[in-house]
Amino acid sequence: RHDRVSIRSGHGVGKTAFISWLVLWFVLTRLDCKIPVAANTQNQLRDVVWPEIKKWWRRLPEPLQRQVEVQAERVVLVPDPEASFAVARTASKDNTEALAGFHAHFLLFLLEEASGIPDSVIEVAMGALSSPGAKAVAIGNPTRASGFFYDTHNKLRDSWHTMVVSSEDVPRARGHIADIIAMYGKGSNKYRVRVQGEFPNADDE
């Protein structure tokens, strides 16, 4: 229902699983689709996101599993691998063009740990988002009280559908709450960011 969705959350609520489901769902239900999956480090994509995609791919019913191939940095639709795929993209200050040049009938930008993706990278992607039907999902811990991810929940909120998921509301994500309270206190920015999924009161913390 929404072309632009931004979700801030605490730790352990299932962000990476959600990204994985979106990749598999989109590539299995659309021909001529491209899904750039961006994070600010290659390690996040290689060691966290892609293994999670592979885990959920293995759980697909066999007829659907055969339609998709999970490669080292791509997830392709087997009948049409050149036109329908997801691809890992490292989005850093040194690689501002990471999200440039994507065109397809169906386009979905997935921004993993979106607080850490430089605004300069997002600005490049915004050109492609002007295409009819292009979609974007930004998701992450709200570690910065500034930048594009912060703006989607504030001054850009009229054009982004926003959600917040607290670790307090997700049973499997509550294991670290007591430790955060003991180390930093319930009123701390660490608690706001890592448990409640709220932006910090100040960037410098």
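Reader: What percentage of the 205 residues in the protein do buried residues make up?

Author: The model is a predicted one. A residue counts as buried when its relative accessible area is under 20%. By that criterion, the buried share of the 205 residues is 46%.

Reader: How many helices and strands are there in the protein, and what is its radius of gyration?

Author: The protein contains 7 helices and 8 strands. For 205 residues the globule rule gives 17 Å, and the protein comes close to that value, so it is as compact as a globular protein of that length. Its C-alpha atoms fill a box of roughly 55 × 35 × 35 Å along the principal axes. The radius of gyration is 17 Å.

Reader: Among contacts with a separation of 6 or more, what percentage do residues 24 or more positions apart account for?

Author: The contacts in question are pairs with heavy atoms within 4.5 Å. Of those with a separation of 6 or more, the part that joins residues 24 or more positions apart is 70%.

Reader: What span does helix 1 reach from its first C-alpha to its last?

Author: Helix 1 covers residues 15-29, which gives 15 residues. At 1.5 Å a residue, its reach is close to the expected length. Its buried residues include Ile19, Leu22, Val23, Phe26 and Val27. From first C-alpha to last, helix 1 reaches 21 Å.

Reader: How many residues of the largest nonpolar core come from helix 1?

Author: The largest nonpolar core has 28 residues, and those with the most contacts inside it are Val23, Ile35, Val37, Trp50, Ile53, Val75 and Leu110. Helix 1 supplies the largest share of this core, namely 6 residues.

Reader: How many residues has the other core, the one that includes Phe85, Val87, Ala138 and Phe149?

Author: This other core lies apart from the largest one. Phe85, Val87, Ala138 and Phe149 are among its members, and its total is 24 residues.

Reader: In which direction do strand 2 and strand 5 run, parallel or antiparallel?

Author: Strand 2 (residues 33-39) and strand 5 (residues 85-90) are joined by 6 bridges. Within this pair, Ile35 stands opposite Ala86. The two strands run parallel.

Reader: In which direction do strand 4 and strand 5 run, parallel or antiparallel?

Author: Strand 4 (residues 74-77) is joined to strand 5 by 3 bridges. Arg74 stands opposite Val87 in strand 5. This pair runs antiparallel.

Reader: How many residues of strand 6 are buried, and how many bridges join strand 6 to strand 7?

Author: Strand 6 (residues 106-112) is mostly covered, with 6 of its 7 residues buried. It is joined to strand 2 by 4 bridges in a parallel arrangement, where Cys33 stands opposite Phe106. Strand 7 (residues 135-140) also runs parallel to strand 6, and there Phe109 stands opposite Ala136. The number of bridges between strand 6 and strand 7 is 5.

Reader: What is the phi of Asp32, and what distance separates its C-alpha atom from that of Asp80?

Author: Asp32 is found in the loop between helix 1 and strand 2. Most residues other than glycine have a negative phi, whereas Asp32 has a positive phi of about 55 degrees. Its contacts include Asp80, Ser84 and Phe106. Asp32 and Asp80 are 48 residues apart along the chain, and their C-alpha atoms are separated by 8.0 Å.

Reader: What is the relative accessibility of Glu113?

Author: Glu113 lies in the loop between strand 6 and helix 4. Its phi is positive, near 50 degrees, although the residue is not glycine. Glu113 counts as partly exposed, at a relative accessibility of 21%.

Reader: Is Ser167 buried or exposed?

Author: Ser167 is found in the loop between strand 8 and helix 6. The residues it touches include Gly10, His11, Arg174 and Arg194. With a relative accessible area of 0%, Ser167 is buried.

Key: Residues are numbered from 1 along each chain as its sequence is written. This is a predicted model: local features need pLDDT of at least 70, side-chain atom pairs count only at pLDDT 80 or more; totals for chains, interfaces and linings use all residues. Side-chain values use heavy atoms; hydrogens and water are left out. The expected span of a helix is 1.5 Å times one less than its number of residues. Buried means under 20% relative accessible area, exposed over 50%, partly exposed in between (1.4 Å probe, protein chains only). A nonpolar core is a set of buried Ala, Val, Leu, Ile, Met, Phe, Trp, Tyr and Cys residues joined through side-chain atoms within 4.5 Å. The radius of gyration is taken over C-alpha atoms; the globule rule is 2.2 Å times the number of residues to the power 0.38. Two strands pair if DSSP finds at least two bridges between them. Lists of a residue's contacts leave out its neighbours within four places in sequence.
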